[in-house]
Amino acid sequence: MVTDTNAVRQAVILAGGQATRLRPYTDDRPKAMIPVAERTILEWQLDWLAAQGIEHVVVSCGYRADVLQDHLSGHSYPMKIEVAVESEPLGRGGALRFAADHLPGRGHRWLALNGDVLTRFPLEEIVERHVTAAAMATIALAQYRTTWGIATLDDHDRIVGFVQSPRLPYWINGGIYVFEPDVIPLLPEKGDHEDTTFPQLAVDKRLAAYKINGYWRGVDTIKDVNEATEEVSRLGW
């Protein structure tokens with residue numbers, strides 16, 4: 001178990017992208033405000049973070065920030081929420097750095113997640129992995145699920161069945177991270193951390209991985225919205 005001195009109490013949510021692949025849903029709102037099972041993605045994320053002991057959240061936004069701000073002003077959550085509005089698009093890495101500058105505990109470990117991720121797993125597990133690995137950053141990995149149906153064959157190459165959207169033995173970036181405070185100056189002021197910061201940390205052997213053992217869904221397309229709605233309803237969140 002992670003001790004309280006190692007626990008993460010602050011988080012950043014990246015909610016600044018325009019999400020063109022999700023139009024018309026995102027014509028008048030940012031991706032984090034898309035409804036899934038009658039609640040926005042942001043609400044599902046904040047519920048999870050609160051249940052995991054997060055006390056302060058900075059939401060980094062740009063596109064249609066007014067919609068997100070209006071929503072937060074009309075709702076109550078069991079943590080302090082601050083909105084950091086980008087004056088220009090900074091890219092995901094730049095947005096992380098920008099939002100991190102608003103965190104109250106500048107010398108403390110922090111969590112970050114993309115604004116299009118729905119997940120449920122014990123936060124203490126990724127923190128424990130992060131601490132044990134002495135990592136500068138730890139990425140939560142999700143098992144890859146193909147969008148295609150897979151044909152199964154017999155020894156004579158006859159098709160004997162199909163499996164729709166199976167999970168494959170590969171792991172992808174789940175868009176959830178644990179960071180040490182010293183990572184902030186390593187993030188780009190503008191651009192993508194996956195192009196700069198993460199490759200360098202991998203070379204330095206300071207980048208750890210945590211395999212999510214629980215629910216995870218990235219919401220990138222209208223199909224994802226529909227499937228996530230069915231899954232969340234079935235799980236009874």
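## Salt bridges across the chain

Glu 88 pairs with Lys 190 in a salt bridge, with the closest N and O atoms 3.0 Å apart; a salt bridge requires a side-chain nitrogen of Lys or Arg within 4 Å of a carboxyl oxygen of Asp or Glu. This pair links distant parts of the chain, 102 residues apart: Glu 88 is in the loop between strand 5 (80–85) and helix 3 (91–100), and Lys 190 in the loop between strand 11 (167–179) and helix 5 (197–203). Helices (H or I, at least four residues) and strands (E, at least two) are DSSP runs, numbered from the N terminus.

This is a predicted model, in which local features need pLDDT of at least 70 and side-chain atom pairs count only at pLDDT 80 or more, whereas totals for chains, interfaces and linings use all residues. Residues are numbered from 1 along each chain as its sequence is written, and side-chain values use heavy atoms, leaving out hydrogens and water.

The whole structure holds 16 salt bridges. Three of them are tabulated here.

| Pair | N to O distance |
|---|---|
| Glu 88 – Lys 190 | 3.0 Å |
| Arg 92 – Asp 192 | 2.8 Å |
| Lys 31 – Asp 220 | 3.6 Å |

Arg 92 lies in helix 3 and Asp 192 in the loop between strand 11 and helix 5, so their pair ties together parts 100 residues apart in sequence. Lys 31 counts as buried at 17% relative accessibility, while Asp 220 is partly exposed at 28%; buried means under 20% relative accessible area, exposed over 50%, and partly exposed in between (1.4 Å probe, protein chains only). A network of salt bridges links Arg 217, Lys 223, Asp 224, Glu 227 and Glu 231.
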